[in-house]
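Please read the notes below with the model open. They cover pockets, cavities and helix packing.

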Amino acid sequence: MRRKKKTERIAELLPLILLAAVLPFVVHLKIVETGLADYPWFPDLTSQGDFFAWWRTRMLMILAGWMLVNLGIRIVVRKKYPKGWKSWIWLGIYLVLAFVSAAVSDNRSFAVNGMIENYEGIWTLVSYGIAAFYAGQVLENGEDVRTVFWALAFGAAIQGILGIGQILGYDFWNSSAGQALLTAGTGLEGQTLSYQFAESKVNPVYMSFYNPNYAVVYILLMLPILFCLAADAKEKWKKGICAGIGALLLICLVGTGSKAAIVTIPVMLIAGVLLCVKGKKSWMIAGASGVLLLTAGAGYLWKNPVSRLTYSLQDIQVEEDAIELTLPDGKIRVNAEAQGKDAALIIAREEDGTKIALIAQEEENCYRLDRDGTKNLVWEAYQQQGLIYLILHYKEEPFYFVKDAAHGFTYVTIYGKADTIETADACGMEGYERLFGERMYIWSRCVGLLKNNLLLGSGPDTFALVFPQNDYLAKVNTNRKVYEEILTKPHSLYLQMGVQTGVLSLAVTLVFWLAYLWNSWRIYRNRKMDAFEAKAGCAAAIAVLGYLILGLANDSMSVTAPFFWCLLGVGMALNRMNQMAEKN
């Protein structure tokens with residue numbers, strides 16, 4: 001009977017163990033259809049390689065299906081019905097809203113299956129919810145939780161080794177063995193493959209999470225767990241292992257170059273002090289830490305004051321007979337007319353019709369305007385196959401305009417596709433777009449999107465399709481990287497959720513998360529930390545808090561989000577265990 005029960009426990013815990021220890025290493029090449037080749041802001045690329053997201057989300061869905069089967073067996077066969085189900089109602093409402101959002105989305109295919117590089121469609125979101133609920137139900141005691149925590153520690157140890165190798169200039173995924181694993185069975189064996197962050201010299205650490213920012217999320221989720229295991233361990237060698245893994249992760253954290261971690265870690269430490277240290281002493285330590293944090297922030301702002309930027313080119317309007325530019329001191333209109341067989345004549349005028357002289361440049365067919373405030377505007381014009389091409393070079397970026405006799409001027413993107421240039425509403429943040437690593441540009445443009453997605457949103461993983469990608473001039477003014485990058489994510493968990501599954505779903509989920517954190521505070525603030533369940537409950541709550549703070553400037557990503565939802569479910573289970581211990 002005892003052996004049967006042990007077998008049942010292993011069977012129930014195994015999906016969580018695999019999620020914690022194996023899922024981070026699901027890295028393999030998959031040639032995927034982009035589905036975006038027809039959009040003017042996307043290159044004419046019908047397929048591309050995916051290493052980190054496609055197979056990982058499929059593995060997650062398999063594990064979620066396994067969890068559902070186990071839950072069915074648990075309820076039907078073992079008569080173990082869901083515990084504390086009322087605390088899960090908010091999560092259920094969120095998933096229903098997300099499901100309806102996907103069903104009614106104008107971009108249903110993306111909403112269901114997800115978009116390239118993330119694949120966080122509705123089935124991935126549902127898998128997150130299943131993982132959280134499953135962990136909250138099947139973990140019945142401290143030993144179960146300890147098993148999952150050590151599985152997480154195992155995965156963190158391997159990730160730490162990968163990260164240290166990347167710091168030292170040896171990236172496993174770029175080695176012959178790593179490349180063989182990436183391409184096995186794809187027909188591309190023996191070819192050297194690379195991806196965006198694989199050769200970064202500045203911030204080389206991405207472990208197996210594609211982007212250094214995602215490695216930061218994983219590290220901050222793991223650190224409280226490792227600290228808990230070290231505090232719980234009786235054997236010195238176990239403490240040493242946890243301390244060693246933690247040291248590896250901290251070194252890797254430096255290698256990511258993360259600025260968000262500089263703010264997040266102190267807040268997590270303050271929360272840890274308040275939860276684990278009892279009496280007035282905890283408030284004194286937390287208060288002193290808070291003062292130091294605020295002082296450091298004030299000092300940074302003193303040395304780096306925020307000033308509003310002004311741009312020499314403020315707006316571009318493409319009209320049939322001219323390109324109208326808005327400058328700080330007025331507007332000008334630029335036209336081009338055929339001259340001979342291949343040449344074209346540039347004609348520039350002030351808003352009142354006064355002609356502006358041209359200054360020839362060393363480059364062939366290139367001119368500047370003999371006018372104040374236009375020094376960084378270079379014009380080029382020529383004819384080709386009966387069409388007139390007028391090109392504006394601004395901040396080293398080209399704006400292509402094509403003129404034909406029938407339709408006048410048309411803007412053509414850097415990918416050779418016709419589009420319009422629009423100025424998106426920046427909700428009063430014009431000139432501040434470069435704040436927070438250019439995130440303010442994206443965030444300010446999301447306000448209008450939130451207004452249009454109050455109830456159901458645009459659909460899971462459809463941000464790129466509703467964001468004003470044709471806000472080309474503002475992108476150039478912000479940063480060359482922003483202009484050349486295809487913005488598929490808002491770099492904020494909360495804006496991502498509000499736009500994609502609706503502001504209502506965001507509000508519901510915030511209630512769920514805050515209720516969990518408040519319940520954790522209520523339980524552990526006055527509870528002694530002698531039992532493992534209490535230490536583990538604090539660790540899970542601090543990890544969740546850290547993730548939610550990072551979420552202010554980071555997205556939900558399929559490569560890291562499963563660990564957050566898993567730990568959230570673990571935390572819910574631990575809260576239940578500790579509440580029962582209090583009653584007894």
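1. The lining of the second largest pocket consists of 22 nonpolar residues, two polar and one charged. In this classification Ala, Val, Leu, Ile, Met, Phe, Trp, Tyr, Cys and Pro are nonpolar, Asp, Glu, Lys and Arg are charged, and the others, Gly among them, are polar. The model is predicted: local features need pLDDT of at least 70, side-chain atom pairs count only at pLDDT 80 or more, and totals for chains, interfaces and linings use all residues. Residues are numbered from 1 along each chain as its sequence is written, and side-chain values use heavy atoms, with hydrogens and water left out.

2. The volume of the second largest pocket is about 590 Å³. Leu 223, Pro 224, Phe 227, Cys 228 and Leu 269 are the closest to its centre among the 25 lining residues. On a 1 Å grid over the protein atoms alone, a pocket is an open set of points with protein on both sides within 12 Å along at least five of seven lines, whereas a cavity is a set where a 1.4 Å probe fits but cannot get out; lining residues have an atom within 4 Å of a point. Points are joined across faces, edges and corners, and a volume is the space filled by probe spheres set on them.

3. Which elements give two or more residues to the lining of the second largest pocket? They are helix 8, helix 9 (236-256), helix 10 (260-276) and helix 18 (532-550). Helix 8 provides the largest share, eight residues. Helices here are DSSP runs (H or I, at least four residues), numbered from the N terminus.

4. Helix 8 (residues 212-232) also packs on helix 6 (residues 142-167), at an angle of about 125° and with the axes 9 Å apart. Axes are lines fitted to C-alpha atoms over the stretch in contact, and angles run from 0 to 180 degrees between N-to-C directions. Helix 6 and helix 8 are therefore oblique to each other; angles under 35 degrees count as roughly parallel, over 145 as roughly antiparallel, 65 to 115 as roughly perpendicular and the rest as oblique.

5. The crossing of helix 6 and helix 8 is left-handed, that is, the near helix is turned anticlockwise from the far one by less than a right angle; clockwise would be right-handed.

6. The contact includes Tyr 128 and Ala 132 of helix 5 and Trp 565, Gly 569 and Arg 576 of helix 19.

7. Helix 5 and helix 19, with helix 16 (493-500), each give two or more residues to the lining of the largest cavity. That cavity holds about 150 Å³ of space. Helix 16 contributes the most, four residues. By class the lining has nine nonpolar, four polar and one charged residues.

8. The second largest cavity has a volume of about 120 Å³. Its lining includes Trp 41, Tyr 411, Lys 475, Glu 484 and Glu 485. Helix 14 (472-478) and helix 15 (480-484) each supply at least two residues. Seven lining residues are nonpolar, two polar and three charged.

Terms used. Contact = heavy atoms within 4.5 Å.
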